[in-house]
Amino acid sequence: MSRPVRLIVCINQRLGTGQRSCVGSGNLDYIRQMRELITAAGLDVSVVERECLGKCDFGPVMRIAPGGRFFTEIDASTLPRIVRELKSYIAEQDA
Ligand code: FES
């Protein structure tokens, strides 16, 4: 039996530090778009918000879970690739 598939997304903003963070790099907008793309694709994937995924200098960051790949330095062009990766990941889980 396969485990539920999640897309872990970083909602951290390092206010006042001058350091890079996922929200400071636009991740809230990408998260909103990913929710829409996941719904449009009919995927059974939960979007789970986390405070930090430990790759702040490479944000925006998302990760497929459990045990899936990281996506770093996300921009709008990355989102369709994440959807494709989610589909492949689900297919592998179901195999
Ligand atoms: S701020 Fe997103 S990984 Fe740390």
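Predicted model: local features only at pLDDT ≥ 70, side-chain atom pairs only at ≥ 80, totals over all residues.
1. The model holds an open sheet of 4 strands in the order S2-S1-S3-S4, and the pairing within it is mixed. Strand S2 (45-50) and strand S4 (70-71) stand at the edges with a single partner strand each, so one side of each is left without a neighbour in the sheet.

2. The pairing of S1 with S3. Strand S1 (residues 5-10) and strand S3 (residues 62-65) run antiparallel and are joined by 4 bridges. Within this pairing, valine 9 has methionine 62 of S3 as its bridge partner.

3. Helices on the sheet. Helix H1 (residues 27-41) packs on the sheet, where it touches S1 and S2, and its direction makes about 165 degrees with that of S2. Helix H2 (residues 79-94) also packs on the sheet, touching S1, S2, S3 and S4, and the direction of H2 makes about 145 degrees with that of S1.

4. Helix H1. With 15 residues, H1 reaches 20 Å from its first C-alpha to its last, which is close to the 21 Å expected at 1.5 Å a residue. The buried residues in H1 are Asn27, Tyr30, Ile31, Met34 and Ile38. Seen down the axis of H1, these buried residues fall within an arc of 100 degrees, so they line one face of the helix. They pack against S1, S2 and H2, whereas the face of H1 turned away from the buried side carries the exposed residues Asp29, Arg32, Glu36, Thr39 and Ala40. Just after H1, glycine 42 takes a positive phi of about 70 degrees.

5. Helix H2. With 16 residues, H2 reaches 23 Å from its first C-alpha to its last, close to the 22 Å expected at 1.5 Å a residue. Ile82, Leu86 and Tyr89 are buried in H2, and, seen down the helix axis, the buried residues fall within an arc of 65 degrees, so they line one face of H2. The buried residues of H2 pack against S1, H1, S2, S3 and S4, while on the other side of this helix Pro80, Arg81, Arg84, Ser88, Ala91 and Asp94 are exposed.

6. In soluble globular proteins, nonpolar side chains tend to be buried together. In this model the largest nonpolar core has 17 residues, and those with the most contacts inside it are Leu7, Met34, Met62 and Leu86. S1, H1, S3 and H2 each supply at least two residues of this core, and the largest share, 4 residues, comes from H1.

7. Methionine 62. Not counting residues up to four places away in sequence, methionine 62 touches Leu7, Ile8, Val9, Phe71, Ile74 and Ile82. One of these, valine 9, is also the residue whose bridge partner in S3 is methionine 62, and methionine 62 is itself among the core residues with the most contacts.

8. Asparagine 12. Not counting residues up to four places away in sequence, asparagine 12 touches Ser21, Cys22, Val23, Glu51 and Cys52. Asparagine 12 and methionine 62 are 50 residues apart in sequence and, C-alpha to C-alpha, 12 Å apart in space.

Conventions: Residues numbered from 1 in each chain as written. Pairing = 2+ DSSP bridges. Contact = placed C-beta atoms within 7 Å. Axes fitted to C-alpha atoms, helices over the stretch in contact; angles between N-to-C directions. Expected span 1.5 Å × (residues − 1). Buried ≥ 20, exposed ≤ 12 C-beta atoms within 10 Å, placed from the backbone. Arc of directions from axis to C-beta. Core = buried A, V, L, I, M, F, W, Y, C linked by C-beta atoms within 7 Å.
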